[in-house]
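Here is a short tour of charged side chains and backbone angles, written for someone who likes to check such things atom by atom. Have the sequence and the coordinates at hand as you read.

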Amino acid sequence: MRKFVIAGNWKMHKTLPQAVALASDMKEGLRTLEEIDIIICPPFIALDGVRDAVQGTKICIGAQNMHWEAEGAFTGEISPPMVQDLCTHVIIGHSERRSHFGEADTMVNRKVVAAIAHGLTPIVCVGETDDENRAGKTREVLDRQTTRALAGLSAQQAAAAIVAYEPVWAIGTGRAASPAEANETIGLVREVIGREFDAPTAAAIRILYGGSINPGVWPDIIAQPEVDGGLVGGASLFAEDFIALAVQTRAAYAASLRP
């Protein structure tokens, strides 16, 4: 059985004191939810402070991005060893990185390979735009992004990664995918992984849903058999909402274990 995941992507929000305060507010409510993996991804400047704030719990810390080179003349970038010192996870290939900063599939792949080489678990984002969705290109886009992102990995390495399906049309719009849409599309991603690697790898890899997640819509989405958790944006900026989503995720996980 795949262990469920709830991850919060704080994006470019929260100063260092604000981030530490938010993590501290979340800490007690998340402490007892050890059946699932909980990851919070604050801005780079807050990684150290947030890590210290949740010390003594099993909450994991993730970075929101990184460069693929270990060091070099890359002004403003953060290297894998720098991330490795502070985190266990790193988000790679988020649609905002692709659209705002021109990250191509080849760059995403180089970052995935570098993350794994430095002992980090990549949270690899894939997803189609609204125009691509309306044009019936969802399968084509997800096939390309997934295949290229995981290229060159062994089956074992791929199985240990996390993939997040985030339809671009749902991010920050308040328009989440329906439970059926999320389940079907994540199933497509799993199908691609099975083709590129093998059935055991497809069965083992955890695939999350992301895009306008909130406690009102989440129970029906996380109950779907293909959905292994969520990558949460805006709702992760509020302790009460993120804790509620984590509680709902644990309840769904417990339900999935029942005969």
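Arg98 counts as buried, at 16% relative accessibility. This is a predicted model, and in it the side chain of Arg98 meets that of Asp105 in a salt bridge, 2.8 Å from N to O. Asp105 counts as buried too, with 10% relative accessibility.

Asp105 also forms a salt bridge with Arg148. Because Asp105 lies in helix H5 (residues 105–117) and Arg148 in helix H7 (residues 138–149), this pair ties together parts that are 43 residues apart in sequence. Arg148 is partly exposed, its relative accessible area being 45%.

Another pair to look up is Asp228 with Arg2, whose side chains meet in a salt bridge. Asp228 sits in the loop between helix H11 (218–222) and strand E8 (229–232), while Arg2 belongs to the segment before E1, 226 residues apart. Asp228 is buried, with a relative accessible area of 1%, and Arg2 is buried as well, at 18%. Both take part in a network of salt bridges that links Arg2, Arg190, Glu226 and Asp228.

The structure holds 22 salt bridges, including these:

| Pair | N to O distance |
|---|---|
| Arg98 and Asp105 | 2.8 Å |
| Asp228 and Arg2 | 2.9 Å |
| Asp105 and Arg148 | 3.4 Å |

Now for the backbone. Lys11 lies in the loop between strand E1 (5–9) and helix H1 (16–31), and its phi is near 50°, a positive value in a residue other than glycine. Lys14 has its place in the loop between E1 and H1, with a positive phi of about 80° although it is not a glycine. Lys11 is partly exposed, at 21%, and Lys14 is partly exposed, at 31%.

Notes:
Residues are numbered from 1 along each chain as its sequence is written. This is a predicted model: local features need pLDDT of at least 70, side-chain atom pairs count only at pLDDT 80 or more; totals for chains, interfaces and linings use all residues. Side-chain values use heavy atoms; hydrogens and water are left out. Helices (H or I, at least four residues) and strands (E, at least two) are DSSP runs, numbered from the N terminus. Buried means under 20% relative accessible area, exposed over 50%, partly exposed in between (1.4 Å probe, protein chains only). A salt bridge is a side-chain nitrogen of Lys or Arg within 4 Å of a carboxyl oxygen of Asp or Glu.
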